[in-house]
Amino acid sequence: MSAPAFDPLPDLLIAVPVVIAACRAGAVLFRRLGQPPVIGEITLGILLGPSLLGWLSPSFQHWLFPPEVLPYVGALGNLGLLAFMFLVGLELDLSALRGHGRSAVAVSQASISLPLALGSLLALGMYGTFAPEGVGRLPFVLFIAVSMSITAFPVLARILTDRGMYNTRLGSLAMACAAVDDVTAWCLLAVVAAVGASGSLQDAALTALWSVVFLTVMLLVVRPLLARAAERASRAVESTVLVVLFSGLCLSAFVTDRIGIHALFGAFLFGVVTPRGSRTVEISAARLRAFTVPVLLPLFFVSTGLKTDVALLTGNSAQWLWAAAVLAVAALGKWGGSTAAARLAGETWRDAMSIGALMNCRGLTELVALNLGLQLGVIGPALFTILVLMALLTTAITSPALTWFRRPPVPDDPQDASAASQNLPAASQPRPAASSPSGV
């Protein structure tokens, strides 16, 4: 007599609400501390993993997250991640480049090229220690270089909004830089995915060819169809539009997954080609966000946390030295490159350092990339843990650094006073920016 099939539902009915509640509590706590809520969600995801809960009570963690249920938790989290990537693509507003095009391109490319160069040198030194067996030098170096150059576009937008800086000149320039950075980084990640997933240069070239075909179809066929549908969407049932958007992002993700450049690129691209300005589309996107971000996305955070084990670094001083090197290279390349480029573009030191701090914010976008690298087998668990800690720390420093650089200038410095009047909204001038919460 065959054994009864495993039913994951009872375990999910316990694990899901625990994860959602824990991540929500972390988000609220860290928001009160002046940090983006995503920092709290990432931190709680890590604490529910082997780094704390598994260390304090392995039996309880095993009961809460039995191995048989982890694939289901991961699948639900990935659905939330795909929906989130669609929303990121939908909110990617390249109109922010107007009036800032030259400066934005200069700053964003400097904030990518310098981390790419420094990350490549770092990766060459780390290859012998951290590269999994069988991984070629090229995909390993490419992935580490790209992971150093990522900016969290959604987190940056929320920080600027909560501080009342979104519509200021500095905020518009930072958003324009992040938009160019985001597009460039995802294109580079697609290249890394193609190289990492392909067994030969011929396979990688074929993947690239199919990617170009898919991109062409999305821009020339799908985008016009969606635009015409959006014009008539006001007469459609809003729930139908939501179904169309969710189905579209899933099918687009399926195609890119079959091509070999990972499903998240398809969801992101479907968001990019979805028309803006339609009230029905905006309402449907808001409904999608209202469910996926607080309910499904925390499952992605805990899936990441279960793969993150700080114990892999304990007892080995060399590992911590590499972790310090990764953090230093990440901050120097991103913050330093952005600051230098902004200063050369004519910004004051105060504004240039503020832009550098914002571009150094990595957040959820970095976690997406790191999970991609782990899934492709380009990096192993120890390096994954190091890079997750780097993403957490570089994101956490953004708000305090921005508060420091946007503090009210001293009265006897007219140049700083003039800069403050140009970059801070009227409502926020009487008080320090530190009083404004930031989050995502």
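For axes I use lines fitted to C-alpha atoms, for helices over the stretch in contact, and angles run from 0 to 180 degrees between N-to-C directions. Helices (H or I, at least four residues) and strands (E, at least two) are DSSP runs, numbered from the N terminus. I am working on a predicted model, where local features need pLDDT of at least 70, side-chain atom pairs count only at pLDDT 80 or more, and totals for chains, interfaces and linings use all residues. Residues are numbered from 1 along each chain as its sequence is written, and side-chain values use heavy atoms, with hydrogens and water left out.

**Helix pair.** I looked up H2 (residues 37-47) against H13: the axes lie 7 Å apart, at an angle of about 45 degrees. That makes the two helices oblique to each other (under 35 degrees is roughly parallel, over 145 roughly antiparallel, 65 to 115 roughly perpendicular, the rest oblique). From H2, Val38, Glu41, Ile42, Gly45 and Ile46 meet Phe301, Val302, Gly305 and Leu306 of H13; contact means heavy atoms within 4.5 Å.

**Ser284.** I found Ser284 in H13, which spans residues 279-307. Is Ser284 buried or exposed? Ser284 counts as buried, because its relative accessibility is 1% (buried is under 20% relative accessible area, exposed over 50%, partly exposed in between, with a 1.4 Å probe and protein chains only). Leaving out residues up to four places away in sequence, Ser284 touches Glu238, Val241, Leu242 and Leu245.

**Whole protein.** I noted 19 helices and 0 strands. Of the 440 residues, 52% are buried.
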